[in-house]
Amino acid sequence: MSACTLVSVSTVLGCHSCFRVDMFSKGTKRKFSDDGGEMSDESLGGANVSSSYNLQRQSLLDMSLIKLQLCHMLVEPNLCRSVLIANTVRQIQEEMTHDGSWQAVTEAFCNGSQSPSERLVATEVLCRSREQDAEPKLFSVISYEGCREEEVVADETLCSVSVSDAASNVCLSESVGHCWETGELRVVESDEETSEGSRLGPGDDDDDDEDDEDEDEVDEEEESSREDSKSMGQVFGTFEIKNGSSGPDSALEELFSDVDASYYDLDTMLTGIQSAPKMGPYDLLDSLAPSHGPPSLGSPSNCRSDLNELDHIMEIIVGS
Amino acid sequence: FAGGGVGGGNDFQWCFSQVKGAIDEDVAEADIISTVEFNYSGELLATGDKGGRVVIFQREQESKNRPLSRGEYNVYSTFQSHEPEFDYLKSLEIEEKINKIRWLPQQNAAHFLLSTNDKTIKLWKISERDKRAEGYNLKDEDGRLRDPFRITTLRVPVLMPMDLMVEASPRRIFANAHTYHINSISVNSDHETYLSADDLRINLWHLEITDRSFNIVDIKPANMEELTEVITAAECHPHQCNVFVYSSSKGTIRLCDMRAAALCDRHSKFFEEPEDPSSRSFFSEIISSISDVKFSHSGRYMMTRDYLSVKVWDLNMENRPVETYQVHEYLRSKLCSLYENDCIFDKFECCWNGSDSAIMTGSYNNFFRMFDRNTRRDITLEASRENSKPRAMLKPRKVCTGGKRKKDEISVDSLDFNKKILHTAWHPKENVIAVAATNNLYIFQDKIN
């Protein structure tokens with residue numbers, strides 16, 4: 001199964017000869033200017049060398065995240081391989097944090113003064129700048145299915161919670177944007193906000209970005225490793241024998257829950273094993289099923305109101 | 001090779017001897033060989049496969065009648081060592097694939113070996129039976145019990161020859177000691193204990209005791225979220241029963257002395273080569289991960305295999321290896337593709353020859369490489385059915401890395417990455433090598449002079 005997916009990724013991301021392999025080999029950090037606003041310009045402008053490097057680095061990041069998720073369901077995944085891939089993801093993310101490109105992604109989800117629609121716009125703009133390849137669209141379609149209307153609400157807390165719930169194990173950074181984008185449209189419709197105005201471009205966001213930038217940068221770097229380690233823990237958590245309270249409950253749920261077979265296929269393909277510790281495969285299905293109310297609000301394990309947004313993003317990307 | 005040149009230098013040539021296994025293009029997953037190991041005398045050659053089976057070959061005695069047979073290896077015993085299991089706690093299958101086989105030194109007529117899958121180690125006794133007792137008093141020849149009251153005379157049973165039967169029986173089962181996947185087992189020089197290593201822990205066992213083992217290394221972090229390094233291989237020192245080494249996914253080797261403490265979390269020696277900053281990339285760590293570590297027979301050196309190279313370390317020098325051999329440097333520019341198709345995670349093994357003068361390791365396209373430590377010459381050979389005529393000399397192979405491809409060279413892009421040689425073994429005394437190519441076992445010997 002993983003082989004098929006990797007093949008499609010490779011065709012999407014471009015044949016191997018398209019990779020400027022010397023770019024990858026060097027691994028030198030590209031120093032971006034400190035201004036976060038220019039960041040989106042550069043990724044949009046894209047003609048220069050560093051943008052190409054960014055694309056390749058992003059491809060490597062995406063590839064790594066896919067690898068982490070597509071673990072075989074039946075047999076325990078190779079811990080050494082998972083550790084090496086996770087370390088690669090960390091490395092890329094550290095470099096992206098240092099040269100500011102990670103900020104552009106994370107600022108879209110920042111707490112603070114930004115309204116949800118502005119936030120969403122920034123993500124959308126960034127996502128639009130990336131090559132919209134077939135494979136990410138596939139993921140985004142799937143994540144859209146999981147992204148339910150009532151979950152994507154203007155309240156930022158709930159937004160975060162919902163996304164981590166519904167689309168958690170699937171979304172890559174681009175597809176998260178799609179997910180948000182879809183939700184945002186609905187928010188606009190229901191609230192009748194003039195999001196057109198705020199959608200005029202990255203300029204509006206930049207003003208807000210710059211204010212938060214300096215404070216956030218330090219925090220984000222500190223936070224990123226911590227949040228990373230939390231999400232990495234979710235990758236490795238499955239290797240633990242769960243003796244805790246979740247054990248018997250999830251086992252019982254597995255035995256007795258009614259499962260729609262199509263959901264199960266979706267879930268086994270996308271969530272892999274990582275969903276086992278905190279949220280078993282059947283828990284995720286429960287949260288997707290229409291018969292359940294707002295799934296995550298009452299559940300303490302999913303309540304993330306006090307976590308930094310980076311944590312949300314890493315969870316979304318790596319899978320909660 | 002041991003003492004000779006590489007492929008032609010000093011009258012030394014590797015020749016095809018035998019190939020074992022099916023010829024079909026369609027390879028059954030269960031038939032893929034996952035480990036190869038000669039015993040201490042070289043008389044026996046054991047293979048383990050993904051289906052959990054062990055096949056042992058025995059070398060025929062060279063006889064004057066058939067001088068050309070040159071000690072061929074024929075099947076001696078086949079048995080199912082491990083079966084697939086299901087871990088109900090985690091809802092996961094436990095593969096029956098044999099990860100490692102290690103022979104015990106022979107102490108009597110029977111042979112003993114340890115075989116392990118991801119979770120369970122088993123001690124197998126392989127014994128021969130070529131005699132049968134006949135003339136029992138209490139039962140007939142066909143086994144039926146005789147009526148004791150009808151017996152009027154007594155006789156002593158006589159041992160009569162019978163067709164040789166080789167029996168394999170599990171004598172010990174060492175289970176439930178590893179949470180993670182076992183990657184190594186190694187018999188200690190005291191012949192009483194052995195170690196088993198998984199991704200995060202190493203245990204020391206006594207061969208007689210199955211219900212407990214000592215944990216001697218534990219690198220599991222208190223918080224699994226902080227895990228960045230795993231154990232990849234471990235081996236006991238060949239002579240010092242208190243010394244062992246283990247390698248990691250970050251390219252480091254730790255040598256530990258069991259006399260220092262019960263838990264050997266603090267190493268006695270730490271081997272790591274400083275990284276070359278000019279070649280740093282996102283793949284640097286992955287390709288530095290050590291897939292195999294082997295002590296030399298002398299015990300003075302150890303050899304490590306990472307993705308692109310083999311390194312020989314002097315145990316007295318920790319800061320860098322004394323020798324580095326490039327196995328397939330031409331893959332360095334392809335690392336991204338190899339990461340994509342997961343080949344970058346392939347775990348190649350390596351081995352010494354009996355005199356420690358040469359080392360061997362596998363590569364892709366069914367190529368394997370040998371390095372002569374004295375002459376610094378190296379050779380690339382191929383395990384293929386095309387070169388399988390009896391006693392056919394193996395032709396050196398060459399990979400073309402760029403520019404014009406010469407005749408008989410193969411370009412990097414034409415390499416078959418599905419044909420990987422991960423497991424090789426070298427006879428402890430002679431120039432006989434066993435090379436596992438997917439589901440086939442090739443045996444090569446030196447030319448008859």
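## Close-up views of a predicted model

**View 1. The largest nonpolar core, shown with residues of chains A and B.** In this predicted model, the largest nonpolar core holds 49 residues, and those with the most contacts inside it are A:Trp102, B:Tyr307, B:Leu331, B:Leu338, B:Tyr339, B:Ile344 and B:Leu415. Two or more residues each are given to this core by helix H4 (49–69), helix H5 (79–98) and helix H16 (309–318) of chain A, together with helix H1 (284–288) and helix H2 (335–340) of chain B. The largest share, eight residues, comes from H5(A). In soluble globular proteins, nonpolar side chains tend to be buried together.

View 2. When residues up to four places away in sequence are not counted, B:Ile344 touches B:Phe283, B:Ile286, B:Ile287, B:Tyr307, B:Leu335, B:Leu338 and B:Tyr339. A second, separate core has 19 residues, among them B:Met370, B:Leu394, B:Ile433 and B:Val435.

**View 3. An open antiparallel sheet of four strands in chain B.** The strands follow the order E2-E3-E4-E5, and their pairing is antiparallel. Strand E2 (33–38) and strand E5 (73–80) of chain B stand at the edges with a single partner strand each, so one side of each is left without a neighbour in the sheet. On average, and with direction ignored, neighbouring strands of this sheet are turned by 20° against each other. Within the sheet, strand E3 (residues 44–49) and strand E4 (residues 53–59) of chain B pair in the antiparallel sense over five bridges, and B:Ala46 stands opposite B:Ile56 in E4(B). Strands of a sheet pair through backbone hydrogen bonds, either parallel or antiparallel.

**View 4. Cysteines of chain B without a disulfide partner.** A search of the whole structure, over all chains, finds zero disulfides. B:Cys350 is in no disulfide, since the nearest cysteine sulfur, that of B:Cys351, is 7.2 Å away, whereas a disulfide would need the two sulfur atoms to be within 2.5 Å. At a relative accessibility of 0%, B:Cys350 counts as buried, and B:Cys15 is likewise buried, with a relative accessible area of 5%.

**View 5. Chain B as a whole.** Chain B has two helices and 32 strands, and buried residues make up 53% of its 449 residues. Among the contacts in chain B between residues at least 6 apart in sequence, 55% join residues at least 24 apart. The accessible surface of chain B comes to about 20,900 Å², and 47% of this surface belongs to carbon and sulfur atoms.

Definitions and conventions:
Residues numbered from 1 in each chain as written. Chains lettered and ligands numbered in written order. Predicted model: local features only at pLDDT ≥ 70, side-chain atom pairs only at ≥ 80, totals over all residues. Heavy atoms only, no water. Buried < 20%, exposed > 50% of the residue type's maximum accessible area, 1.4 Å probe, protein only. Contact = heavy atoms within 4.5 Å. Areas by Shrake-Rupley, 256 points an atom, 1.4 Å probe, with all protein chains shown as cover. Pairing = 2+ DSSP bridges. Axes fitted to C-alpha atoms, helices over the stretch in contact; angles between N-to-C directions. Core = buried A, V, L, I, M, F, W, Y, C linked by side-chain atoms within 4.5 Å.
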